[in-house]
Amino acid sequence: MNLFGTLRAPRELLFGAGQRHALGVVAARLGKRALIVTDTRLAADADFLMLVRQLEDAGLAVIVDSSTLPDVPVDSAVSSAERARSFSPDLVIGIGGGSCLDMAKCLALLLTHGGRPQDYYGEHTVPGAVMPLIAIPTTAGTGSEVTPVAVLSDVERSLKVGISSPYLIPTVSICDPELTLSCPPGLTAIAGADALTHAIEAFTAIRRDPVPGIAQQRVFVGKNEMSDHFALSAITLLWQGLEAACKNGADQAAREKVMLGATLAGLAFGVAGTAAAHAIQYPVGALTHTAHGLGVACLMPYVMTWNAPVIRSELARIAQAAGLDGPDDVIPELVSLFARIGIPSTLCELGLEESRIGWVAEQSSGITRLIQNNPRPLNPQEMHTLVAAAYNGDRSRLN
């Protein structure tokens, strides 16, 4: 077997308790006029205000945009970019959850290259480097601090859409688990389950023929030796830490495992990509207005059951990483873990109407970049069966 691997990552990645205090020094090397992107709640947070003071003490001019909304509506990104132009920032700093980091990526893109987000949908459509970007996550889940993706919601399409380009990977990421200590149990569970889904989908994605230039042709190349390494490490950390972090938010050791696991999962799927669970969640999320992490985690056991016949060796390695007895234990134990931290077990519980199963299946099948990444093919009828099974809570239909 010929080994193949590829890695895309920030120029600098700082991880550890207290590392947020390096922001002033880091930012002063990258720019003089910083646009800080966050949301309304965080803008009044003591830690956030301390970071702003750090920047000012380091001699930077600072403006704060706290208008980030969940799932980043396209129009909100356009409005924020227009407001920021008069300030002429030369550095963007995203502080917050996944939506804040995605908003920061989008603003760095629009302020550098102009246009609208719609001009950049898809893969490899960003024409060149964007202005320096620093990402500071305050939740442990999306991995956006290390990925080449910005996800937005497009009202006209009634779906989430993605801009995928290596140019969107932050210049520097500062991952300080102390920033997650106040994260409530429900959000901890949703974000952590999202991260675990990222790791599992990256590790079980299709393995493509590594023809020369594949990493220049595709943003997501499928599983490979480097993404596998990060994915398995993420699975170990998240399996060990997630439930403990949900039970006791002050458990710093658990918080560290979950945040490091989320970041490593981001490094994994940032090159390997995700698959069917994410494809189905996009239309489900559009209809139910439920959190992305809830949707992908709810769907993951069903997708894994469908994929099980072709991922037997991967299930064995996941079992080893998670400290389980063997491959047959992985899916039942994942179901049990998600149940213990409050993840809904069916699409019905998420609020999907039974009459919309067909529409969800149709829309999911059309997200080809994700469906083509799934290790076991899914034609439209099989997709309908998968979505119906997830709605009814019947994995036996997928054996």
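Biologist: How many residues in the lining of the second largest cavity are nonpolar, polar and charged?

Modeller: This is a predicted model, in which local features need pLDDT of at least 70 and side-chain atom pairs count only at pLDDT 80 or more, while totals for chains, interfaces and linings use all residues. Residues are numbered from 1 along each chain as its sequence is written, and side-chain values use heavy atoms, leaving out hydrogens and water. In that lining, four residues are nonpolar, six are polar and one is charged.

Biologist: What makes the space of about 40 Å³ a cavity, and what makes the space of about 1,100 Å³ a pocket?

Modeller: On a 1 Å grid over the protein atoms alone, a cavity is a set of points where a 1.4 Å probe fits but cannot get out, whereas a pocket is an open set with protein on both sides within 12 Å along at least five of seven lines. The space of about 40 Å³ is the second largest cavity, so a probe there cannot get out; the space of about 1,100 Å³ is the largest pocket, so that set is open. Lining residues have an atom within 4 Å of a point, and the pocket has 49 of them, with G97, G98, S99, T139 and T142 closest to its centre. Helix 6 gives the largest share of that lining, five residues.

Biologist: Which helix gives the most to the lining of the largest cavity?

Modeller: Helix 9 does, with three residues, and the lining includes R255, V258 and M259. The volume of this largest cavity is about 50 Å³. Helix 9 (residues 252–272) also packs on the sheet, touching strand 1, strand 6 and strand 9, where contact means heavy atoms within 4.5 Å.

Biologist: Why do strand 6 and strand 9 count as a pair?

Modeller: Strands are DSSP runs of E with at least two residues, and helices are runs of H or I with at least four. Two strands pair if DSSP finds at least two bridges between them; two bridges join strand 6 (residues 133–137) to strand 9 (residues 172–175), so they meet the cut-off. A135 stands opposite S173 in strand 9.

Biologist: What is the order of the six strands in the open sheet?

Modeller: The order is 1-9-6-4-2-3, with parallel pairing. Strand 1 (12–15) and strand 3 (61–65) are the edge strands, each pairing on one side only.

Technical notes
Axes are lines fitted to C-alpha atoms, for helices over the stretch in contact, and angles run from 0 to 180 degrees between N-to-C directions. Grid points are joined across faces, edges and corners, and a volume is the space filled by probe spheres set on the points. Ala, Val, Leu, Ile, Met, Phe, Trp, Tyr, Cys and Pro count as nonpolar, Asp, Glu, Lys and Arg as charged, and the others, Gly among them, as polar.
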